[in-house]
Each structure stands twice: as structure tokens, then as C-alpha cells.
Amino acid sequence: MSHPTPSPDPAGIRRRRTLVLSLVAGALVIALLVIAAVIWTSRDADAEPGAVAITATIDGTPAGVEPAAPTDAQAAALADLGAPGYLALHPFTVDAASVSAVSGELVLELTLPAAVPPGAFVTFARYAPEIDAWEPVTTTLATDAVTVTTRTMVQSGSASGGGGGGIRSASLSAPTVAGGLWTAVIGGIDSAVQGVEGALSDAGAAVASIADGVGDWWDDASADWSADFALGSQWVMRASRELYGTAADVPECAPDADGAVPWITDTVLSDNAMIAGLGLEGGNAAVLLCAGPDPADPALLQVRAAANRAYGFSVVFPAGLEPRTAGMDALDISTSALIDAGYAVIASGGDVLVNPGRFILPTQTYSVTVDEAAVRASQAQTETARVIEYALPTFPQALLSGVLGVALAELDPEDFFGGALGVFFLARDCDFAQWETGTPWPELLGAVATCLETLDSDALQEAAEEVARGAASGEGVVDGVAGEVAEEVAEAASGEAADRAAAFVSGGAEKARKVIARLGWLTWFSISQTATDYIADAGTEEISDLPAWFVNATLAAEPTARWEDVEGTWCGITYPSCTPIVLGTTVTEWGTSTITFEAELGECFAGIGADDPGSGANIVYCPAGAPTPAEVPGAEPGMPPTDDNVDFDRVFIYQGYGTAAWFREEDVAAVRG
């Protein structure tokens, strides 16, 4: 059997070593903007911001747009769209007088003073009073990256943005009230958002920067702004509180010393410090790895991997290898089982882009244990030394895994269930034709917006209800917590999963719609960050030359025999009777019999058979070809055991002299000749 090593010089790699790959990875350094008080940036504040314009039409007829003072709740919601920084246009309404008797297609168009740069997104958003939240709506960015447009069907209704006329569906293309409250949001990585902020300020717009803990910031901003300002001239810059996770710690495993995993002589890992020449200390590879004995059972190999990017990685096992355990450390077994059940409902027996059971989400750690028999069988089938690898995801996989990872970090467990269902719907229903790293940025943003349009609260609620029914009945979710988990733990986890699913479903359409609105913002912020991270990697790392991030294992020579081989039916020759040997404790008509291993005797194995009540006997098992140990007494002192024949497997059962050899039942005829 060959055990290929990816190193150009296998002899130069030390045991328990890491393989250094000569790669240079792109590094995206994003400064965290910290603002402790209100900071006003108003460059040429008296200038007319002619380059910042917003217009509205309904079925082609121009409609007026008016700035609107938000309520405290609306302002607070606008200040809490996401953790990264973003710009928000002063809220506005479509003129109530011009649309009071009109229903049709509303077209909103925003013209920016400069192109939206890669790494930033722009979307219109409407306030949904039913859920007290801002919802991003389907928005397109023209190829010039300057003109921003949304199209939606409207119906006559209140101009206040509250009250009747609201709709329950969370689809981003659903009809809305014509006189509702609107804004435009520009977010993404800090450097890109700050570039847009500079362009707005240069065009004459007043941009108020806000941060946590600054008091009634919206009142301050409103007091400073003129009551007769031109819409588009006043924006708020939400300071970045923190970035979504992009980096992980190097995972830790038990020391991988000689013989730590008795059936492995050597492991080779892709290196944890792939970025060359940047003076960074380790932990820069896309996937960080460690391998060693499982602390709970040193007979198992444990591999732990952390996704060190804003996107995740597929977990790939070689053919024939089924892990003993596998999953992300951050997910308790009830959450993991619930998410797996949701995936199964939406995938309907198929496979969609992000299978949570075989994927490391960004910054998360995924732990695997494998046993000797599974690894040996797989390596015999594949003729490679591979134990596991972590494949670079496709661009759609990268973006969606980033969203799912952010949802895990930002949503509470109950809402994460709904958020995960939403991501699975995106993975199943979106058209990913334009989701390529070379797609022009405006086209990519348009493709993402179209993808988000497929989300619908009714579909989400129906999927959640199906999972909840399965959880309540124990079907599906119970399977997800079976395996190596103790039965009582599995039952408890199944109960927790059922309760969580039921809690989400009990929230009804309002809960589903809130989760979809939140997921929409998480998607926009995450995708801007993830796309930049992924494109930097794909453009600078020689991904195509990698065998992926991986763990290889060289196995120790398989022993020719084991103590466990003593099990079976053994028969005598001179004394023609047969007896079964079963390891452990068995119940007989005389009581119990316990057979345990004691020690190796040369190439043979010695054990003890103890009866209760009664006495016991020595049991020595010798495989074919193994010489009989001198410790086994013969028929008489100085004589070999009766009928001994080293050409066959045999067992000696004795308390003193007078020992005879016993042979496997199927070998007796051959022994007799």
C-alpha cells in the first residue's frame, strides 16, 4: 500500500511535523473605527448636493419624496442594522398627496456622487411597523455603480409608515404601503464605506457619525440639520462596533507523541502559517489544524480544524471513511441535530451548497474522531494516506457559509434555527450563474439582491413547522443525536431540539418575518466582507496546486493476530469435545464466566477465565506459526502440550500439567490429516 506524502523530500520531514507550503495569501487589513462621541464632518456644508439626488415614480408618473422625522423606535432600529459600520440616508416618504389614490409600481432611484466601490453594498430599505424593523428590499446598482434603483408594487395607504395596510409576507418583492417610511443604506468593509462617506461629504452632504453610548444622537443630529434640507444632503454614519469574525485561534489537540495513537506512526498536516514574508507568527493559513489522540479515548485519532477566514470550508472524508464523531464545537448536540433536520427538510433528500454536517463555518472549529478500522479500510480502498481534507469552497459556498457563520454568531439559538433555514433556502433556490469571483461588483450585488428576493416568511414557517412536527414525534431529530452519544443524552438533546423548534413556530409569521429581515442585513454585511476575503485568497494563493488543507496518516503495520481473535469455537483432538470462548462476561447454566486479557507471551496472548461460582483457568491463544510459549505446561514435566501443532491457530486451557491443544472447529479435519 502506498502512503504518498505531499512533501518534495519526505526524508526531510520530522515525525509529527507540519508541511510547509510555499504560498503567499492576500491579506486584507481592516481598521476598526472607534468613535467615543458624536463627530460632525461637514465639508462645504452650505453647498447644494446636486450630485446626491433621489426620485420616485409610480407607474411612470413622478411622485414627490419628502424627508420624515423618525420616531425613537424607528431611529433606534436604523442604528442597529449590523455590527460593521454603515451609512444611512435620512428617512423619507413618498409624497402622500401625490400617491393617495395611486397603486402600481413604485420606482425609487438614488444617484450617488461617486461609484460604490467593491467591498460596499447599497440597498433601499423600508420600515415595517408590524415587526418594528427596517427591511432591505430588492435593489439594483447600475453598471456605473452610481445609480441605485428599487422597484416594488405599492398600494394606497397611510403616509406615516405605521398603521394599517401592512403585509405579513417577508418577501423582498412583496407589495408595500405607498406612503411608508424609506431609507437607503450603504455598508460593507470600513475602508469602502469611508470612501463613500468622503464622496458624500465632498458633494456637500452633512454626515453625522454616531456610536454606542452617545445619548440622544438622533435628536442632536435633527437639531443641527436644517428643516428645509434637500433630501440626500443629510446622512448618518454608524460607527463600526466590531467586525464579523474573520480569524480563528489555532486549535489545540492532545500531544501527538510517539505511540500516542498506537496504530499511527506519522501524521502530516498542511501548515498553519502559509503566509510567507509578512513577519506573522503562525495561524495565517485558511484552515488551521491539529491532530492527536482523542482525550476521551486514545485509541481514536482526533483532528481539529478552524476556519481562519470570513467564509467556511467543506469537510471531505476519503472514500470508505466514516468518522466516529464529527461536528462543530460551537453547536451543542440539540442545536446541531435541529439544524441538520432543517437541512434535510429543505434539501429533500438532495444536497445543497452548505451542508452543516460537513462544513466548517467561518472562525469555528470542527472536531473529528476516527478509529483504526475505518482508516485502514479507507486507505486500502483509496491507496492514499489521506484522513481528511478541507476543500476551498466555491464562491457561492463561500458567501453563503459566511452568512450562516454570522447568523450563528449574531442570532440567539432559537432565531439561529430560523436563520439557518433561510440560508438553506438561499442555497437551494438561488441562481448562482453570476456568483463568480470575476463578476463586476454591481452585477454581483444585483445577483445577491435577486437571491434574497426568494426568501419568504410563509415558506420559512412551513419548513419550521415540518421540523417541529418531526422533533415532537422524535423522527429525524433523534437520528441526528444518535451514534456515539449515550441514549439518555440523546433523549435530552432531542427534547431540547423539539422545544426550540416549537418556540420558533409559536412566534408565527411575525417571528419568521423578523428573522428574514435580520437575515437580510446579515447577508449584506457578511457578503461584502466575505467576498473581499475570498477574492483576496483566490487571487493570490495557488489554490489549484493545493491538495486542499489536509491531514495524512501513515499507519503502523497491522498486527498479524490479536487477543480478540481468541473468540470462537475450539475443539480437541485427543479429547474430542468443543467449547466456545466468548470474551467478557457471559452467563452459563452454572453461573457466570469472565474471560479477560492479561499479557503477551512472545507471539501468543495470555488471559484468565474466571467462573462465579467456582474457580478459573489460564487461557493462552497462539496464532498459526507462533511457537508455543515455554510458560504453557505440557502433558508432563518437560513434555510439550498434547496434540500441539504450530501450523494452526490453537488455544491452551489449563490449571496445571496435562495440557492439550484445542483447534478452531473449522480446522479440526485438517489437523487430523
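Trainee: Is Phe525 buried or exposed?

Mentor: This is a predicted model, in which local features need pLDDT of at least 70 and side-chain atom pairs count only at pLDDT 80 or more, while totals for chains, interfaces and linings use all residues. Residues are numbered from 1 along each chain as its sequence is written, and side-chain values use heavy atoms, with hydrogens and water left out. Buried means under 20% relative accessible area, exposed over 50%, and partly exposed in between (1.4 Å probe, protein chains only). Since the relative accessible area of Phe525 is 1%, Phe525 is buried.

Trainee: How many aromatic pairs are there?

Mentor: Rings of Phe, Tyr and Trp (its six-membered ring) pair if their centres lie within 6.5 Å; planes under 30 degrees apart count as stacked, over 60 as edge-to-face and the rest as tilted. By this rule, the number of aromatic pairs is 16.

Trainee: What is the geometry of the aromatic pair of Phe121 and Phe525?

Mentor: The centres of the two rings, Phe121 and Phe525, are 5.1 Å apart. With 85° between their planes, the pair is edge-to-face.

Trainee: How many residues apart in sequence are the parts that this pair ties together?

Mentor: Helices (H or I, at least four residues) and strands (E, at least two) are DSSP runs, numbered from the N terminus. Phe121 belongs to strand S9 (residues 120-128) and Phe525 to helix H13 (residues 508-540), so the parts tied together are separated in sequence by 404 residues.

Trainee: Are helices H5 and H8 roughly parallel or roughly antiparallel?

Mentor: Axes are lines fitted to C-alpha atoms, for helices over the stretch in contact, and angles run from 0 to 180 degrees between N-to-C directions. H5 (residues 333-347) and H8 (residues 413-429) pack at about 30°, their axes 9 Å apart. Angles under 35 degrees count as roughly parallel, over 145 as roughly antiparallel, 65 to 115 as roughly perpendicular and the rest as oblique. Therefore H5 and H8 are roughly parallel.

Trainee: Which residue just after H6 takes a positive phi?

Mentor: Helix H6 spans residues 372-382, and its buried residues include Glu372 and Arg376. Just after H6, a positive phi of about 55° is taken by Glu383.
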